[in-house]
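Hi everyone, thanks for making time this morning.

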Amino acid sequence: MEKIILTGDRPTGRLHLGHYVGSLKRRVELQNSGEYDKIFIMIADAQALTDNADNPEKVRQNIVEVALDYLSVGLDPAKSTLFIQSMVPELTELTFYYANLVTVSRLQRNPTVKSEIQMRNFETSIPVGFFTYPISQAADITAFKATTVPVGEDQMPMLEQCQEIVRKFNSVYDEALVEPKILLPENDACLRLPGTDGKAKMSKSLGNAIYLADDEKELKNKVMSMYTDPDHIRVEDPGKVEGNAVFTYLDAFSKPEDFEEFLPDYKNLDELKDHYKRGGLGDVKVKKFLIKILEKELAPIRARRKQWEQNIQGVYEILKKGSEVAEAVAAQTLADVKAAMKINYFDDGALIREQMEKYGNK
Ligand code: TRP
């Protein structure tokens with residue numbers, strides 16, 4: 001069986017470090033591993049509209065921002081198909097058919113949908129499109145017969161719901177769909193990178209994000225004002241590393257060779273943590289180390305972004321070509337789905353002959 005990746009992001013803002021360690025970095029590694037036959041990376045504008053229906057301008061503006069972030073982290077249009085969800089109308093048709101295989105109560109139990117309803121204060125006025133977006137996400141994944149979906153932990157319930165739809169479809173109709181597997185980050189700190197304020201999640205709406213497109217000065221300011229251990233007041237005080245965002249970022253980003261290069265007094269992160277816990281290690285020193293590590297990782301990304309920013313026409317062309325390739329693949333799957341559901345009337349010679357016989361046509 002072919003190994004196929006599909007994943008994507010909603011275009012509601014620039015991508016940040018949470019996206020980077022949670023999924024983007026992995027995608028680039030998978031892309032460059034050469035182990036996958038096809039890779040599809042989708043800008044999920046239709047999904048973004050499910051909770052931004054009154055703000056299409058925001059979605060429209062952020063298509064190119066997300067595309068620039070993709071290209072700048074090293075997603076390569078020669079190896080990965082970058083496309084826009086709404087340019088592949090087959091996805092909505094698949095969603096319509098899959099909707100028959102999902103109950104309202106099952107959607108109500110989806111933990112991601114539940115928490116998003118709370119976060120957005122939808123409560124009694126949940127848009128139907130928003131409520132059913134897990135079904136549409138199952139269409140996104142299955143349209144490409146994806147075997148692997150690299151995403152953050154918050155997407156787990158979406159994948160589970162997709163797997164259920166695939167099983168149900170394949171048992172009710174003919175086996176036309178492929179059941180995908182989720183691929184989560186291996187490192188715990190990457191699974192859920194906290195915001196710079198130490199809150200559970202980095203997000204634009206919480207104002208606690210470091211963006212891939214931030215310049216060096218913004219990066220420094222954000223790290224210098226990061227949340228650490230509020231009880232670690234004087235340098236000689238013992239400090240806590242659990243729940244200390246600076247150390248969580250070091251867990252996510254630091255490599256053994258970074259110590260040799262930037263902080264040779266310590267062999268590794270454990271030694272640094274031990275010193276912090278004992279007391280005698282100031283936050284500023286640790287933050288400066290983190291800045292060097294992040295700067296090393298982000299500088300090439302920023303430079304590549306600057307180049308692509310000079311070629312916006314080219315970026316749109318990549319998305320247009322990618323969307324054409326994606327549509328051709330989705331159209332084939334839709335044809336398979338319709339055949340499995342026996343709604344491919346004009347391709348079904350046996351059906352036409354049967355009806356002719358029934359009416360005695362010669
Ligand atoms: N739900 C994802 C997000 O919020 C975006 C997305 C849409 C997606 N369709 C997908 C991710 C299919 C993986 C697979 O970022």
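Let me start with a pair of helices: α3, residues 56–73, and α15, residues 283–309, whose axes come within 8 Å and cross at roughly 130 degrees. Please keep in mind that this is a predicted model. In general, two packed helices are described by the angle between their axes and the distance between the axes. The crossing of α3 and α15 is right-handed.

Which residues of α3 and α15 meet? From α3 we have Glu65, Leu68, Asp69, Leu71, Ser72 and Val73, and from α15 they meet Ile301, Arg304, Arg305, Trp308 and Glu309. Sorted by class, the contact of α3 with α15 has five nonpolar residues, five charged ones and one polar one.

Now over to helix α12, residues 245–253. Eight of its nine residues are buried, so α12 is largely enclosed by the rest of the structure. The buried ones in α12 are Ala245, Val246, Phe247, Thr248, Tyr249, Leu250, Ala252 and Phe253.

A search of the whole structure finds zero disulfides. Cysteine 162 has 0% relative accessibility, so it counts as buried. Cysteine 190 is buried too, with a relative accessible area of 10%.

How values were computed: Residues are numbered from 1 along each chain as its sequence is written. This is a predicted model: local features need pLDDT of at least 70, side-chain atom pairs count only at pLDDT 80 or more; totals for chains, interfaces and linings use all residues. Side-chain values use heavy atoms; hydrogens and water are left out. Axes are lines fitted to C-alpha atoms, for helices over the stretch in contact, and angles run from 0 to 180 degrees between N-to-C directions. Helices (H or I, at least four residues) and strands (E, at least two) are DSSP runs, numbered from the N terminus. A crossing is left-handed if the near helix is turned anticlockwise from the far one by less than a right angle, and right-handed if clockwise. Contact means heavy atoms within 4.5 Å. Ala, Val, Leu, Ile, Met, Phe, Trp, Tyr, Cys and Pro count as nonpolar, Asp, Glu, Lys and Arg as charged, and the others, Gly among them, as polar. A disulfide is a pair of cysteine sulfur atoms within 2.5 Å. Buried means under 20% relative accessible area, exposed over 50%, partly exposed in between (1.4 Å probe, protein chains only).
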